[in-house]
Each structure stands twice: as structure tokens, then as C-alpha cells.
Amino acid sequence: MYSVDLHAHTRFFHGRRRLGDRFDPLGVRLLARAADRRGLAGVATTNHDYYTPLDPPGGAQTLPGIEITTDRGHVLVVGPDPPEATKPGALSPEEAVALAHDRGCAAIVAHPFRNSTVRELEDVPFDAIEVNGKHPRSRPLVEELAEERDLPLVGGSDAHYPFEVGRAYTVVEADELTPESVVDAIRDGRVSARVSESLLDRLLRRGYRAIHRRKHVIDAIERPTPGVGTPPGEG
């Protein structure tokens with residue numbers, strides 16, 4: 001059994017790729033060390049639309065990944081060989097999933113109730129649906145969606161700062177922790193989502209919920225049928 005954060009970023013800003021490339025080696029070391037302090041065995045680096053192989057010494061194990069901005073929202077791709085780069089908005093969710101599967105990776109619906117209409121697609125062969133650490137209050141709707149699609153739930157913090165790592169994570173049933181074993185466990189349903197209830201994490205969630213509501217990128221979970229978001233461009 002391994003605890004793994006399947007959604008984390010090596011930088012706290014979007015864009016500015018050249019600056020980010022210089023920051024990423026430091027960012028991934030901070031992620032790995034923060035994950036280790038939180039008691040996690042691994043953390044996936046899922047930067048927006050690019051993947052850079054980085055293997056920092058010390059800390060939790062880092063797993064390859066990318067967060068693809070499709071034309072209907074974000075799709076997490078985690079596994080041994082994620083694409084090095086994708087153009088934001090250029091791929092459909094169907095194309096992103098096909099790309100993930102062609103490269104031996106799992107395709108996960110990221111934060112399905114924030115700035116996304118990916119959840120409305122019924123015939124796309126996703127491997128899992130995410131309980132996102134920024135707003136796990138939507139978990140009842142995510143669970144309902146996962147049950148409708150017959151898909152497992154995974155957890156990811158969506159961390160952009162190291163101290164956010166582990167506020168949501170995935171328990172993986174596997175004999176060893178490798179990118180391949182994580183993919184196999186997701187596809188076999190040998191995973192479960194967890195959410196941290198520490199005081200810091202609860203305060204962080206309140207802050208993000210307020211920010212996302214002001215930006216009108218999160219659906220109100222009180223509605224019986226959640227509304228349609230306007231992807232991409234989340235904060």
C-alpha cells in the first residue's frame with residue numbers, strides 16, 4: 001500500500017515557460033521533500049501541458065505526468081511515458097485519452113466540477129475521476145459521477161506550492177511503487193481517494209473555494225444538475 005499525490009505542480013505560476021524551466025528543478029525537490037514530510041511515498045508531477053523528467057535526490061518518489069488542457073477542460077495523464085508537451089486547447093478529451101493510452105498511461109478526469117465539461121462525456125474511456133484537494137466539498141457529486149461511469153476515485157492535491165502537497169492523495173494497492181504499477185492499480189480499481197482534514201488544509205480549501213467562486217470557475221454543488229463550465233483558463 002502506497003500513499004501518492006497524483007496531481008501536483010513544480011511551480012506556483014502559469015506561463016513564462018523559460019522562467020519556469022529554470023525553476024522546475026528546485027520546485028520538484030521541494031515537492032518531493034514536502035510529500036515525504038506529509039508521509040507520502042510518491043507525488044506525480046503534472047504540470048500544465050508539459051512534462052520534464054526530473055528525479056530529485058531525497059524525499060518522496062516522483063512519478064511522471066502531465067495535465068493536458070483539452071478543449072473541454074483538464075485531463076491528468078500519469079504513467080511511464082507521458083507526452084513531453086501538448087498545445088492548450090488543441091486536443092479533445094477523446095484525443096487526450098487516446099494519447100495517454102498509446103503511451104501506457106492512465107487518463108483521469110481532473111477536478112470535474114471546476115471549469116470543465118469533461119464530465120459530460122459518457123463514452124470516453126477514462127481510467128478514473130479525481131477528488132481534487134482544492135475543493136473536496138464536491139466529493140459527493142464526484143462519487144456519484146464515478147459510480148455512473150463505473151470508474152475508481154483517485155485523489156490529488158493540485159498543489160502549486162509545496163505546502164499544499166498531500167491535502168488530497170491516493171492510496172495505491174501495489175507490491176512496489178512504479179509508474180507502471182500505479183497505472184495498473186488505477187485500471188484495476190485498486191485505488192482509493194483520501195482527503196486531509198488538518199486545520200491548514202481546511203483553511204486552504206475555504207480560501208480556494210472563495211477565489212474560484214469569485215472567478216466563476218466552480219459549479220455550485222447545491223444544484224441537482226451541475227452547470228456547464230467554461231474551460232480552460234482555470235486559476
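Which residue in β7 stands opposite N132? Start there, then work through the sheet.

Analyst: N132 stands opposite G156 in β7. This is a predicted model, in which local features need pLDDT of at least 70 and side-chain atom pairs count only at pLDDT 80 or more, while totals for chains, interfaces and linings use all residues. Residues are numbered from 1 along each chain as its sequence is written, and side-chain values use heavy atoms, with hydrogens and water left out.

The N132 bridge belongs to the pairing of strand β6 (residues 128-132) with β7, which is parallel and has 4 bridges. Two strands count as paired if DSSP finds at least two bridges between them. Strands are DSSP runs of E with at least two residues, helices are runs of H or I with at least four, and both are numbered from the N terminus.

Now the whole sheet. It is open, with 9 strands in the order β7-β6-β5-β4-β3-β2-β1-β8-β9 and mixed pairing. The edges are β7 (153-156) and β9 (191-195); each has a single partner strand, so one side of each is left without a neighbour in the sheet. Neighbouring strands are turned by 35 degrees against each other on average, direction ignored. Axes here are lines fitted to C-alpha atoms, for helices over the stretch in contact, and angles run from 0 to 180 degrees between N-to-C directions. Strands of a sheet pair through backbone hydrogen bonds, either parallel or antiparallel.

Helix α3 (residues 139-149) lies across β6, β7 and β9. It runs at about 175 degrees to β6. Contact means heavy atoms within 4.5 Å.

Strand β1 (residues 2-8) runs parallel to β2, with 3 bridges joining them. D5 stands opposite V43 in β2. β2 also pairs with strand β3 (residues 61-70), in the parallel sense over 4 bridges. There, G42 stands opposite Q61 in β3.

β3 and β4 are antiparallel, over 6 bridges. A hairpin of 2 residues joins β3 to β4, and T69 stands opposite H74 in β4. β4 then runs antiparallel to strand β5 (residues 106-109), joined by 4 bridges. The bridge partner of L76 in β5 is I108.

Burial comes next. Buried means under 20% relative accessible area, exposed over 50%, and partly exposed in between (1.4 Å probe, protein chains only). In a regular strand the side chains alternate between the two faces of the sheet. Strand β2 (residues 42-45) is covered on both faces: G42 and A44 are buried on one side, V43 and T45 on the other. In strand β4 (residues 73-78), 6 of its 6 residues are buried. Across the protein chain, buried residues make up 55% of the 235 residues.

L177 touches several of these strands. It sits in the loop between β8 (168-172) and α4. L177 is buried, because its relative accessible area is 10%. Leaving out residues up to four places away in sequence, it touches Y2, V4, A41, G42, Q61, L63 and V182. L177 and A41 are 136 residues apart along the chain, yet their C-alpha atoms are separated by 8.1 Å.

V182, one of those contacts, is also among the buried residues of helix α4 (residues 179-188), which are P179, S181, V182, V183, A185 and I186. G189 follows α4 and has a positive phi, near 80 degrees.

H101 belongs to helix α2 (residues 93-102). It counts as partly exposed, because its relative accessibility is 29%. Its contacts beyond four places in sequence are A107, P125, D127 and R187. H101 and P125 are 24 residues apart in sequence and 9.5 Å apart in space, C-alpha to C-alpha.

Finally, the chain as a whole. It has 5 helices and 9 strands, in the pattern β-α-β-β-β-α-β-β-α-β-β-α-β-α along the sequence. Among contacts between residues at least 6 apart in sequence, 62% join residues at least 24 apart.
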